[in-house]
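Please examine the structure shown below.

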Amino acid sequence: MKAVVFRGVGKVALENVPEPRLKEPSDAIIRITSSAICGTDLHFVRGTAPGVKEGRILGHEAVGIVEEVGKAVRNLQRGDRVVVPSTVGCGSCVYCRAGYHSQCNVANPNGPDAGTVFFGGPEEAGGLDGLQAEYARIPFAAAGLVKLPEEISDDQAVLMSDILPTAYMAAVMAEIKPSNIVAIFGCGPVGLFAITCVQHLGAGRVFAIDSVESRLEMARAHGAEVINFEKEDPIQALKDATDGSGPDRTIDAVGVDAATAAKGPAADKKAQKKFKKELGGIAEEGTPKGRDFQPGGAPSQALQWAIESVCKAGSVSVIGVYPAPVLSFPIHQVMEKNLTLKAGNCNHRRYMPEMVELVRSGVVRPEQFLTQIKPITSAIEAYRAFDRHEPGWIKVKLDPTQQEERAA
Ligand SMILES: NC(=O)c1ccc[n+]([C@@H]2O[C@H](COP(=O)([O-])OP(=O)(O)OC[C@H]3O[C@@H](n4cnc5c(N)ncnc54)[C@H](O)[C@@H]3O)[C@@H](O)[C@H]2O)c1
Ligand SMILES: [Zn+2]
Ligand SMILES: [Zn+2]
């Protein structure tokens with residue numbers, strides 16, 4: 001089958017690989033009808049989230065049709081149309097039962113404290129092959145896969161595999177109260193969906209910060225007040241717009257590939273130097289040569305802005321991904337301002353039934369953010385364009401069933 005394969009920092013390839021087989025009685029094999037590229041995949045290719053094995057199939061977002069189930073899978077059968085939660089939980093341990101699927105005690109073969117298991121990630125995340133492929137093996141299928149109602153299209157459902165529940169959890173972690181002012185750093189798919197989610201939870205004013213104009217346009221179209229951090233100092237702009245106090249809640253939807261301002265009033269040469277050093281400590285396996293897949297260059301910038309801009313006694317939600325190597329972290333400000341900080345990998349399965357209802361009822365229309373649909377045969381070009389934040393490239397679906405281009 002065709003699959004997108006990690007070939008070391010800076011290198012992704014479309015390859016022919018063997019089809020997966022059932023390994024455990026609790027597995028299912030699905031035929032993938034839609035997959036997608038995520039900002040998380042970019043961290044791996046850029047070298048800022050090390051640990052992915054060469055040859056690993058990438059991708060953790062998919063919709064598919066069940067082909068085959070193991071003996072222990074009693075709720076699914078061949079032909080069922082399902083959405084795959086990006087993270088894998090057993091569904092039975094104390095953590096899964098409490099809704100913390102990303103903290104499952106059982107799913108990670110490296111042990112209960114080894115961390116979240118997800119498809120197409122580093123070895124420490126379970127070493128599972130990913131979903132940018134024609135077929136995939138899904139462990140703990142009975143507890144993970146969610147059957148889709150007919151009214152929900154693949155274009156909608158593929159965004160429910162990771163991005164929508166993730167943005168929703170970011171909003172929940174931000175502890176939104178009615179009329180709160182919220183600032184969201186990052187207008188990639190996660191940040192854009194977070195705008196809709198915080199609005200749904202009752203936020204008042206919502207600010208969205210990025211430097212990519214086409215993404216800021218999309219944020220504005222969804223009701224956010226936008227700030228380009230290369231035209232204005234985002235901290236000052238947020239203070240000025242909030243009576244001097246700063247927003248009540250901030251969300252970091254950027255993660256380790258954050259950039260700092262290269263121009264404008266927020267550009268700071270001293271900070272740029274510090275970030276360069278920080279990046280050196282994180283990208284243990286090096287960073288790509290050439291133009292493509294370059295790291296953001298300022299790993300802790302978004303996290304720092306989220307903490308610096310939030311009002312005293314405010315809440316900060318960190319959904320952007322940070323790998324194991326230590327970043328500089330403004331713990332002093334967290335103390336001094338009596339902040340609440342919540343962070344984590346999404347417990348996708350916990351939120352999925354609710355997301356299905358939000359989409360079915362039309363409250364959320366995820367397909368609005370799906371700007372590109374590409375056949376899997378164009379995956380490598382699609383990775384490059386998504387990496388470069390080309391205008392209009394917000395979210396890319398990869399279609400393993402399609403051999404020709406069609407409009408999104
Ligand atoms: N915790 C989870 O479970 C989970 C799940 C999915 C994705 N994520 C993470 O969420 C983050 C966002 O994902 P995405 O797919 O939207 O990524 P993306 O790369 O498409 O978007 C990131 C955006 O942040 C902007 N940005 C860079 N530096 C910034 C700064 N200093 N301030 C404000 N904006 C800045 C970029 O221009 C870009 O538009 C990634 O770190 C991804 O790994 C986490
Ligand atoms: Zn993702
Ligand atoms: Zn579990």
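How are α5 and α6 oriented to each other? The angle between the axes of helix α5 (residues 163–173) and helix α6 (residues 189–200) is roughly 55°, and α5 and α6 are therefore oblique to each other. This is a predicted model, in which local features need pLDDT of at least 70 and side-chain atom pairs count only at pLDDT 80 or more, while totals for chains, interfaces and linings use all residues. Residues are numbered from 1 along each chain as its sequence is written, chains are lettered from A and ligands numbered from 1 in the order in which they are written, and side-chain values use heavy atoms, with hydrogens and water left out.

**Terms for helix packing**
- Two packed helices are described by the angle between their axes and the distance between the axes.
- Helices are DSSP runs (H or I, at least four residues), numbered from the N terminus.
- Axes are lines fitted to C-alpha atoms over the stretch in contact, and angles run from 0 to 180 degrees between N-to-C directions.
- Angles under 35 degrees count as roughly parallel, over 145 as roughly antiparallel, 65 to 115 as roughly perpendicular and the rest as oblique.

**Helices α5 and α6**
- The two axes come within 8 Å.
- In the contact (heavy atoms within 4.5 Å), residues of α5 including Ile163, Leu164 and Tyr168 meet residues of α6, among them Phe193, Cys197 and His200.
- The residues of this contact comprise eleven nonpolar, two polar and no charged; Ala, Val, Leu, Ile, Met, Phe, Trp, Tyr, Cys and Pro count as nonpolar, Asp, Glu, Lys and Arg as charged, and the others, Gly among them, as polar.

**Helices α5 and α12**
- The axes of α5 and helix α12 (residues 348–360) are 9 Å apart, at an angle of about 105°.
- α5 and α12 are therefore roughly perpendicular to each other.
- Among the residues in contact are Met169 and Val172 of α5 and Tyr351 and Glu354 of α12.
- Nine nonpolar residues, two polar and one charged make up the contact of α5 with α12.

**Ligand 1**
- Of the 29 residues around ligand 1 (a heavy atom within 4 Å), Thr40, His43, Asp210, Ala259 and Cys346 come nearest.
- A backbone N or O atom of glycine 186 lies 3.3 Å from a nitrogen atom of ligand 1.

Terms used
Helices (H or I, at least four residues) and strands (E, at least two) are DSSP runs, numbered from the N terminus. A polar contact is a pair of N or O atoms within 3.5 Å; within protein, one must be able to donate a hydrogen and the other to accept it, and residues adjacent in sequence count only if both atoms are side-chain atoms.
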